Amino acid sequence: MKLSAATLDRLSDDVDVPRYDRSAITTGIVHFGVGGFHRAHQAMYVDRLLRTDFESASRWGICGVGVLPGDRRMKDVLDAQDCLYTLALRHADGSWDTSVIGSITEYLFAPDDPEAVIEKLAHGDTRIVSLTVTEGGYNFSATTGEFDAENFAVRADLAPGAVPGTTFGLVCEALSRRKDRGLEPFTIMSCDNIEGNGHIARSTFTAFARLKDPALAQWITDNARFPNSMVDRITPVTTPDVVDELAARYDLEDAWPVAAEPFTQWALEDSFTLGRPAFEDVGVQVVDDVTPYELMKLRLLNASHQALCYVGYLSGYRLVHDVTQDPLFARFLLRYMDEEATPTLQPVPGIDLADYKRTLIERFSNPEIRDTVARLCAESSDRIPKWLVPVVRANLESGGPITLSAAVIASWARYAEGVDEQGESIEIVDRLKDSLVPVARSQHDDPLAFVRNRDLFGDLVDDERFTAAYLAALDGFHTRGARAVVEDLVNRPDRA
C-alpha cells in the first residue's frame with residue numbers, strides 16, 4: 001500500500017500513525033536540509049509534540065526547503081506522499097519500532113521558485129529557521145573561523161539584482177523583508193555537528209548580511225537569536241533493503257523511509273526570538289549552556305567514528321558494526337575516548353561519561369543499523385578539523401597524550417591515497433578530493449605533505465610532538481598495515 005494521507009487508516013496496526021488533524025497545522029518552522037537525520041530527529045520530536053499536545057504544537061509545523069540540485073528527489077517523494085514518511089527504529093535483536101511522521105506539511109524546492117521560499121521565510125508565522133546543511137554548509141574555515149566571501153555561489157548571490165540561490169542568500173533576503181515590514185527576525189537554529197553551531201551560524205549569516213547590507217547585519221546582530229544545540233542519532237543513508245523490508249513487514253510502500261538507531265538525544269540552548277515548541281515535554285534537554293554536551297558528543301561519538309572508519313576500511317571492513325565488534329578496534333576506540341578525548345571535556349550535567357562511552361560501543365555495534373564505513377569516511381575535510389583536531393590542540397596545550405589522535409589523522413592521510421591495502425581503488429568522497437588525493441599520494445616522498453594544509457590543520461605541522469607521533473603512525477600504515485598499527489597502539493604502554 002502506497003503511503004499517503006488517504007491510506008493512513010488502512011496501514012498495519014504495527015505501524016504507529018499520526019491521528020492528529022494535519023490540515024489544521026500552520027508552519028512555524030522552515031527547515032533547510034531535509035535528509036535522513038532531520039527526519040529521524042527534529043521532525044520526529046515535533047511529531048511527538050503534535051501527538052501529545054496538538055493545540056499548542058499545531059503552530060509549529062515544518063516546511064522543508066531544498067537548495068541543492070539533488071534535493072529535487074526529496075520534493076518529488078514528499079509531494080507524492082503528502083509529506084508523510086516512515087521512521088523505522090532498528091533494535092539490535094532485529095525488532096523494529098515503526099511509525100509514520102506527519103510533522104512536515106510542505107516542501108519547497110528553492111531552484112524552482114526562490115520567491116516562494118523567501119516569502120515563506122518572511123511570513124509572520126515563521127518563527128524558527130532550522131538547519132541540517134552538513135558541516136561544510138556554513139562556508140567557513142575550520143582553522144580561522146572566517147567566512148569565505150570568495151565562494152563562487154556566495155559571490156553570485158551578492159551580485160546586484162541577483163536571485164538568491166544559497167541558504168545564506170534566501171535567509172538574508174527574507175530577513176531584509178521582515179525588517180522592512182516591521183517584523184521581528186526568526187530564530188536561526190543550527191542542528192549540525194559543529195562545535196558552537198549557533199555561534200557559527202550567527203557568524204556566517206551576519207558575515208553574508210554585512211557583505212550585502214551592513215544595516216541588515218546590524219539589525220540581525222541586535223535582534224536575532226542563534227541557539228547552540230547538540231544532536232545525536234545514528235541515521236545511515238536509506239538503502240533499498242529498508243524499502244523492501246517495510247513492504248515485507250507491513251505491506252507498506254514508502255519511496256524514501258528513514259531507518260535509525262533507537263537512541264536519540266538533543267540538548268538545546270533556550271535562546272529564541274519568537275518562542276519555541278515545548279521540546280522539553282518530549283525528551284529534549286533544554287539547557288542554559290550546551291557546551292558540555294556538544295563537546296562530549298563531538299569528541300566522543302563523532303571523533304570516534306573517524307577513529308574507526310579509516311583503519312576499519314583499510315583493514316577490509318565495510319560495515320560499522322563489523323569494525324566495532326572486532327575486540328581490537330573496540331579497545332582502540334575506548335582508549336582514544338578514555339585517554340585523549342575525555343580529559344578535554346567539561347563536566348556534563350546529568351551524564352555518566354563511563355556509561356555514555358560504553359553505550360557508544362553498543363550503538364556502533366548494532367548490526368541492524370548497517371551503517372557503512374564509507375559513509376563515515378566521506379567529507380573528512382569537513383569533519384576531522386572540527387571534531388578531532390580540537391582534541392589534539394587541547395592535549396598539546398595541556399601536555400596530555402596525542403598519539404592515538406595523531407594516528408587517526410595519519411589513517412585519514414593513508415586512506416586519502418585512494419587505494420586500500422589490497423590494491424583496490426577507494427572512492428574518495430570529499431569536496432576537496434581533487435587537491436587531497438594528489439597530496440596524499442606524495443607522502444612517500446614528503447611524509448608531512450598531507451598535514452602541511454594549514455586550512456585543515458592549522459599549525460600542527462610545526463609541533464614536533466605531533467609530527468613525531470603522526471610520522472610514526474603513517475610509516476606503520478605504509479609498511480605494516482592498519483591492523484598492525486592499531487595493535488601496536490592498543491598494546492603500547494606509553495602513548496603520550
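I62 stands opposite I104 in strand β6 (strands are DSSP E runs of at least two residues, helices H or I runs of at least four, numbered from the N terminus). This is a predicted model: local features need pLDDT of at least 70, side-chain atom pairs count only at pLDDT 80 or more, and totals for chains, interfaces and linings use all residues. Residues are numbered from 1 along each chain as its sequence is written, and side-chain values use heavy atoms, with hydrogens and water left out.

**Sheet**
- Five bridges join β3 (residues 61–66) to β6, and the two run parallel.
- The open sheet has five strands in the order β6-β3-β2-β7-β8, with parallel pairing (two strands pair if DSSP finds at least two bridges between them).
- β6 (104–109) and β8 (187–190) stand at the edges with a single partner strand each, so one side of each has no neighbour in the sheet.
- From one strand to the next, the twist averages 25 degrees.
- Helix α7 (residues 167–180) packs on this sheet and touches β2 (27–32), β7 (128–131) and β8. Its direction makes about 150 degrees with that of β2 (axes are lines fitted to C-alpha atoms, for helices over the stretch in contact; angles run from 0 to 180 degrees between N-to-C directions).

**Nonpolar cores**
- The largest nonpolar core holds 79 residues; I384, I409, W412, F450, F457, F466 and Y470 touch the most other members (a core is a set of buried Ala, Val, Leu, Ile, Met, Phe, Trp, Tyr and Cys residues joined through side-chain atoms within 4.5 Å).
- Helix α11 (residues 291–314) gives the most to this core, with 14 residues.
- Apart from it lies another core of 38 residues, including F147 and L170.
- Beyond its neighbours within four places in sequence, I409 is in contact with residues including I384, L388, F457 and Y470 (contact means heavy atoms within 4.5 Å).

**Q443**
- Q443 is found in the loop between α19 (433–441) and α20 (454–457).
- At 1% relative accessibility, Q443 counts as buried (buried is under 20% relative accessible area, exposed over 50%, partly exposed in between; 1.4 Å probe, protein chains only).
- Its side chain reaches the backbone oxygen of A440 at 2.9 Å.
- A polar contact of 3.3 Å joins the side chains of Q443 and Y470 (a pair of N or O atoms within 3.5 Å; within protein, one must be able to donate a hydrogen and the other to accept it, and residues adjacent in sequence count only if both atoms are side-chain atoms).

**Cysteines**
- The count comes to zero disulfides (a disulfide is a pair of cysteine sulfur atoms within 2.5 Å).
- C63 is buried at 0% relative accessibility. Its sulfur is 8.2 Å from the closest cysteine sulfur, in C83, too far for a bond.
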